[in-house]
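Visitor: I would like to learn how to read packing, cavities and strand pairing from a model. Can we work through a case?

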Amino acid sequence: MSDARAIETRVCVVGGGPAGVVLGYLLTRAGYAVTVLEKHADFLRDFRGDTVHPSTMTVLDELGLLDDFLKRPHSQIVQLDAHMGSDTITVADFSHVPAKTKFLAIMPQWDFLNFLAEKGRAYAGFSLLMNTGATGIIRENGRVVGVRASSQNGELEIRADVVVGCDGRTSTLRAAAGITPRDLGAPMDVLWMQLSRRPADRNAALGFVGAGSFLILINRDKYWQCGFVIAKGSAGTVRARGLDAFRAELAATAPVIADRVNEIASWDDVKMLSVAVDRLDRWYLPGLLFIGDAAHAMSPVGGVGINLAIQDAVATANILADALQKPGPVDDAVLAAVPRQRTFPTVMTQTLQVVIQRSVITSVLLSTTPPKHAPLILRILTSIPGFRRIPAYIVGIGFRPEHASTRVRGS
Ligand SMILES: Cc1cc2nc3c(=O)[nH]c(=O)nc-3n(C[C@H](O)[C@H](O)[C@H](O)COP(=O)(O)OP(=O)(O)OC[C@H]3O[C@@H](n4cnc5c(N)ncnc54)[C@H](O)[C@@H]3O)c2cc1C
């Protein structure tokens, strides 16, 4: 007999990131008891997916949450510009996306998750256990029937009719289930840092191409969130060259921030994202389903990771809300419907990301001199206003966008 505390719920969601919190919210709103486990004590994390795209805001609108969401502090990005030598070209223009919100909203992920968790607590079935990390799965007769977890108050056994692994790209549940994702490869890592933003600075997301370097600046109102793209595995070499050389490299890549690179006081101000692009061939086992980064880690190209995770959660909630009307364990056929719905957008998005990584990012990282101009073909294409709407649509709306169809029954 285990002396772990036992909890019974209809759905156990492991991981309180965007996928887990949205799924928990939607299913409790539909009237089901859902327990969401989050191993951290809070949602505070630096430099996570903070880009909320029109596809996600459309879902928030369908749920009646958009007005409240937009009242929270955020910045809005309407276009993405690339600077190459003497050329500045607009590569994406969101002002025409077929959505109410024709911009990307940039909001710290912890604000977004706190917002959703607050809304979730309005429903009786919503149980969010912070500081509670899943440590393993409970299997009976070849089926996952729950998870083991560790919390400040001791060990827990959570039994559920279905377990959903939303525990991110290093998923504990995936390892416990013995499932390994297929690695699609990434040529780069990203060094993230903040530099102050001045009132006269432009209001756009900017990309700067330098000699063997690529710097992204995302408007965060008072500061720029800066992502410096480096060759995979080269963070050690960059550090070994020293902080002064790093600051000089940033300034040379994006002269507009040359006057403030000294704000980077030490390497503690620079956080490394090891980029991974992978996906599961099989997203479920009897009783256990994976969604979000746990099913497919996305490249940072397009900043779509959070939005795909949320789209997965919406599709999963739509499918499970119907199936859970029947008491007892959720059938495999129901779980299979989730990857059937979500594999297409995942594969399409990752394929485009991998093509851009191989064709554009790899050649930039291998270059030894800064470009004098943008490539002619890019200049011609992006001078056509209609063309800029295509990348904006793919990034902002994505392939096969989901719509929240779960009904409210949980208050
Ligand atoms: C540095 C960085 C920058 C990024 N920038 C962007 C961006 O600009 N735009 C964008 O769209 N995407 C970005 N991403 C990706 C984006 O954050 C993810 O795609 C998105 O958050 C995936 O959501 P998720 O809910 O599937 O997983 P996650 O956000 O990874 O959430 C998983 C959650 O599970 C919890 N957890 C893990 N293990 C356990 C366990 N055993 N028990 C309980 N809880 C557990 C974790 O603490 C975490 O809260 C970035 C990622 C990183 C790391």
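**Contacts, cores, cavities and sheets**

Visitor: Which residues does Val164 touch, not counting those up to four places away in sequence?

Guide: Contact means heavy atoms within 4.5 Å. By that rule, and leaving out residues up to four places away in sequence, Val164 touches Val11, Cys12, Val13, Val14, Leu23, Leu289, Ile291 and Leu320. The model is predicted: local features need pLDDT of at least 70, side-chain atom pairs count only at pLDDT 80 or more, and totals for chains, interfaces and linings use all residues. Residues are numbered from 1 along each chain as its sequence is written, and side-chain values use heavy atoms, with hydrogens and water left out.

Visitor: Which residues of the largest nonpolar core touch the most other members?

Guide: In soluble globular proteins, nonpolar side chains tend to be buried together. A nonpolar core is a set of buried Ala, Val, Leu, Ile, Met, Phe, Trp, Tyr and Cys residues joined through side-chain atoms within 4.5 Å. Buried means under 20% relative accessible area, exposed over 50% and partly exposed in between, with a 1.4 Å probe and protein chains only. Here the largest core has 77 residues, and those touching the most other members are Leu27, Phe69, Val147, Val164, Leu173, Ile291 and Leu320. Helix 8 gives this core the most, eight residues. There is also a second, separate core of 24 residues, with Met193, Phe208, Ala254 and Val261 among them.

Visitor: Where does Thr316 lie, and is Thr316 buried or exposed?

Guide: Helices (H or I, at least four residues) and strands (E, at least two) are DSSP runs, numbered from the N terminus. Thr316 lies in helix 8, residues 305-323. Its relative accessible area is 0%, so Thr316 is buried. Beyond its neighbours within four places in sequence, Thr316 is in contact with Leu23, Leu289, Ile291 and Val338.

Visitor: What about Thr349: buried or exposed?

Guide: Thr349 lies in helix 9. At a relative accessible area of 11%, Thr349 is buried. Not counting residues up to four places away in sequence, Thr349 touches Met298, Val304, Leu308 and Phe399.

Visitor: How many cavities of 30 Å³ or more are there?

Guide: Rolling a probe the size of a water molecule over the atoms shows where empty space is left. A cavity is a set of points, on a 1 Å grid over the protein atoms alone, where a 1.4 Å probe fits but cannot get out; its lining residues have an atom within 4 Å of a point. Grid points are joined across faces, edges and corners, and the volume is the space filled by probe spheres set on the points. The count at 30 Å³ or more is two. The largest cavity holds about 120 Å³ of space. Its lining has 15 residues, and Leu308, Ile394, Ile397, Gly398 and Phe399 lie nearest its centre. Helix 8, helix 9 (332-366) and helix 11 (385-396) are the elements that give two or more residues to this lining.

Visitor: What classes of residue make up the lining of the largest cavity?

Guide: Ala, Val, Leu, Ile, Met, Phe, Trp, Tyr, Cys and Pro count as nonpolar, Asp, Glu, Lys and Arg as charged, and the others, Gly among them, as polar. The lining of the largest cavity has seven nonpolar, six polar and two charged residues. In the second largest cavity, of about 40 Å³, the lining has seven nonpolar, one polar and no charged residues. The residues lining it are Val22, Thr56, Val59, Leu60, Leu63, Phe112, Leu116 and Ile310. Helix 2 supplies the largest share of them, three residues.

Visitor: How many residues of strand 16 are buried?

Guide: Seven of the nine residues of strand 16 (residues 223-231) are buried, so the strand is largely enclosed by the rest of the structure.

Visitor: How many bridges join strand 13 to strand 16?

Guide: Two strands pair if DSSP finds at least two bridges between them. Strand 13 (residues 188-196) runs antiparallel to strand 16, and nine bridges join them. Met193 stands opposite Cys226 of strand 16. Strand 15 (residues 214-220) is also antiparallel to strand 16, with seven bridges. Asn219 has Trp224 as its bridge partner in strand 16. The hairpin of strand 15 and strand 16 has two residues between the strands, and Asp221 there takes a positive phi near 70 degrees.

Conventions. On a 1 Å grid over the protein atoms alone, a cavity is a set of points where a 1.4 Å probe fits but cannot get out, and a pocket is an open set with protein on both sides within 12 Å along at least five of seven lines; lining residues have an atom within 4 Å of a point.
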